[in-house]
Amino acid sequence: MKIHEYQAKEIFASFGIPVPKGKIAFSADEARNLAAEIGKPVVVKAQVHIGGRGKAGGIKYCATPDEAYSNAENIIGMNIKGLIVRKVLVTEATDISHEAYVGIIVDRSAKKPVIMVSAEGGIDIEEVAAKTPEKIHKLHVDPILGIKSYQARQLAYKVYSDPETAKQAAGIILKLYRCFMEADASLVEINPLVTTPSGKVVALDAKVNLDDNGLYRHPDYEKLRDVAPQEESENEAREAGLSFVGLSGNIGCVVNGAGLAMATMDLVKHYGGEPANFLDIGGSSNPDKVVTAMRIILRDPNVKAILFNIFGGITRCDDVANGIAKAVSEFRPSVPIVVRLTGTNETEGRAILAEAQIQGAETMVEVVTKAIALAGVA
Amino acid sequence: MGIFVDKKTRVVVQGITGRDGSFHARQMKEYGTAVVAGVTPGKGGTGLEGIPIFNTVAEAVEKTKANTSVIYVPASAAVDAIYEAADAGIQVIVCISEGVPANDMLKVYNYLKIKGVRLIGPNSPGVITPGVTKVGIMPGQIHKKGSVGVVSRSGTLTYEIVYNLTARKIGQSTCIGIGGDPIIGTNFIDCLKEFQDDPQTEAIALIGEIGGSDEEDAAAFIKKYVTKPVVGFIAGLTAPADKRMGHAGAIISGGTGTAPEKIKAFEAVGVPVAKTPAEVADLVEKKLAALYKKKAAKKAVKKTITKPRPAAKKSVKAKSSVKKVVKKAAPVKKAKATKPAKVKKSKPKVRSKKR
């Protein structure tokens, strides 16, 4: 789950990582009031789930509350890489004498968290990694032992020569690691970690991605979820126990299992069609899930045909067939539907489909090619 | 033979009284798996269709000599279940549970590595050695005993591929779903290593998907150590970036983990990549045919080589490498000398069972 910068900063603060004061504003008026309240120059920052906000003009320095008003007015409603800005963070402006980078992710190959630091902060770290990888210092932490103070110091001294600054940075690295593990994050990042002219080290930006699988332990994080309008279908699917990702094609796909769902999308493309979505109905075969799946797909006006590719294991084909029949009678879809059922209870499933006069297919290739042909004439 | 599970496998089902646990305990038993125990805390002393249930895995191991565990508990209890099995002396743990936090798995993985315990999963459909034993949730009837090792990050996609293989009368030695999570106990490399050393396995089908670099690591390993033919498939060519595609591990992040990268990595080491799941069976069939042809030719060479020279020359025309040996009128011993070299290659130094 992605969360906003201001939410990430709240989490950082709860782990004792220093962050500048700030508050969230939903309107230009609110931004002006907050700026006045802070009583110092502020920075107004767009809160969207995407990087590159600064380049897009979504981050502005404001010397006065009136400037905060006008900048917030420009930023709220702005489209940044397809996402509309609905709120801004108004935060006190910080004088910067140095910018560094600190991030922690999981190294999937090494099966360990890896801490990365660089003296080249404030810019796109992926660019640094690609062009000058030697400027990024990495440390793998044994997850059983956890991070040791000396390791944090080692990393800090790669970036800072001043002992006082290095000490502060090492403290932040230790806290950031604790935050990464205890918050069930899949990524934590401070870019930039700044040193002020007075020598204070502060997290000027904050990025935290949370592991969906860990959310059950953090009920308080669930309310950090902010669903963008274009993600509403994904969210509805998630709440119903489905995985859905919208795409721009015209063949709706309903599949059980993530790997098979991806392979089905790829097969649609292989035979000259374009998949409209990824949809995994999961391992269980609750007919209601199928109904929800149909509702979500039928909402997409681009969809010209819907295919079902079901390989019954724990999922029972008759349950899915019942769900399809139920959805068809409920929604009366105008687009053609073609269904492939194989595996557990396939005979019963096919009988239900025949009864409901829904087209069947024998194989994965057949269901895909039929759906493409039907979409072409629709 | 087969890998990870065989006729010596004695299974304890953790979470046997749950909905999935009880259903699949029956299914596994029906398939012929030695399901010797079940564990549900508080239900010790009861049973399920003749399978005794214990309160702890330690007790189940002590009383029944279970050596393999399969876990069907909810995600929030799965990590504890894995530790319990490992500490009770279980050697192979198959975790079916889905939704285990990745940062927990970092600790689990590194702990089991120290203990030398094999974990398959989490979020795995399990592992089956067809005709011998099934430890998991896959439909047993679609499998057929044979010589192709199948390893995959997916469940139903594996069934699809196995179904196609079986339809072509191509049997499988062992089929493993390693799981769709970012941190899993057993990776492609571990399976490749075992398949390479398994006498029953003649060819390997490797079914990958977007996310991470397990496929790239597998390609590098194949180049170094695997002499058996391998064919590949990668799901997710049409997947958009930065979106989790069902599996927690199936995500293209920071522009890495894409399908084209993985396909390229496979092809660079001579592993053909099927364009569709159905084509996997085609490629396997071709590889096996080539293998049998090669074997037949070798046999023919062995036979003819002991005969007077002129005859030998005639029969091995097609095999240039062997031809050289024959041309030199090498004695039988020397002709065999090509073999040890190969054996050496097939036995990687990293072969210890502990990972």
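Analyst: Helices and strands are DSSP runs numbered from the N terminus: a helix is H or I over at least four residues, and a strand is E over at least two. Helix α3(A) is followed by G77(A), whose phi is positive, near 100 degrees. The model is predicted, and local features need pLDDT of at least 70, side-chain atom pairs count only at pLDDT 80 or more, while totals for chains, interfaces and linings use all residues. Residues are numbered from 1 along each chain as its sequence is written, chains are lettered from A and ligands numbered from 1 in the order in which they are written, and side-chain values use heavy atoms, with hydrogens and water left out.

User: How many helices and strands does each chain have?

Analyst: Chain A comes to 13 helices and 18 strands. Chain B comes to 13 helices and 13 strands. Along the principal axes, the C-alpha atoms of chain A fill a box of roughly 80 × 50 × 40 Å.

User: What makes H218(A) buried?

Analyst: Buried means under 20% relative accessible area, exposed means over 50%, and partly exposed is in between (1.4 Å probe, protein chains only). The relative accessible area of H218(A) is 11%, so H218(A) is buried. H218(A) sits in the loop between β12 (207-210) and α7 of chain A. Not counting residues up to four places away in sequence, H218(A) touches E182(A), A183(A) and D184(A), where contact means heavy atoms within 4.5 Å.

User: Why does I183(B) count as buried?

Analyst: I183(B) has 1% relative accessibility and therefore counts as buried. I183(B) lies in the loop between β11 (172-177) and α6 (188-197) of chain B. Leaving aside neighbours within four places in sequence, the contacts of I183(B) include V106(A), R108(A) and K111(A) from chain A, and A102(B), M105(B) and Y109(B) from chain B.

User: What share of each chain is buried?

Analyst: In chain A, 52% of the 378 residues count as buried. In chain B, buried residues make up 57% of the 355 residues.

User: How do you know that the buried residues of α3(A) line one face?

Analyst: In α3 (residues 65-75) of chain A, the buried residues are A68(A), N71(A), A72(A) and I75(A). Seen down the axis of α3(A), these fall within an arc of 100 degrees, taken over the directions from the helix axis to the C-beta atoms, so they line one face of the helix. What covers them includes α2 (28-38), β2 (42-46), β3 (59-62) and β6 (88-92) of chain A.

User: What makes the pair E234(A) and K243(B) a salt bridge?

Analyst: A salt bridge is a side-chain nitrogen of Lys or Arg within 4 Å of a carboxyl oxygen of Asp or Glu. The side chains of E234(A) and K243(B) meet at 3.0 Å, N to O, so the pair qualifies. There are four salt bridges between chain A and chain B.

User: Why is the pair D226(A) and R86(A) called a polar contact?

Analyst: A polar contact is a pair of N or O atoms within 3.5 Å; within protein, one must be able to donate a hydrogen and the other to accept it, and residues adjacent in sequence count only if both atoms are side-chain atoms. The side chains of D226(A) and R86(A) are at 3.1 Å, so the pair is a polar contact. D226(A) is in the loop between α7 (219-222) and α8 (232-239) of chain A.

In chain B, the side chain of E216(B) makes a polar contact with that of K262(B), also at 3.1 Å. E216(B) belongs to helix α7 (residues 214-225) of chain B.

User: What is the area buried between chain A and chain B?

Analyst: Buried area is the accessible area (1.4 Å probe) that two parts lose on being put together, summed over both. Between chain A and chain B it is about 4,000 Å², of which carbon and sulfur atoms give 62%. In chain A, R108(A), K111(A) and F311(A) lose the most area to chain B, together 19% of what that side buries. The contact takes 46 residues from chain A and 57 residues from chain B.

User: Which elements of chain A supply at least two residues of the side that touches chain B?

Analyst: Between the chains, 16 residue pairs are in polar contact, both at pLDDT 80 or more. The elements that each supply at least two residues are β8 (112-118), α6 (163-182), β13 (243-246), α9 (258-270), β16 (305-312) and β17 (337-343) of chain A. Helix α9(A) gives the most, with 10 residues.
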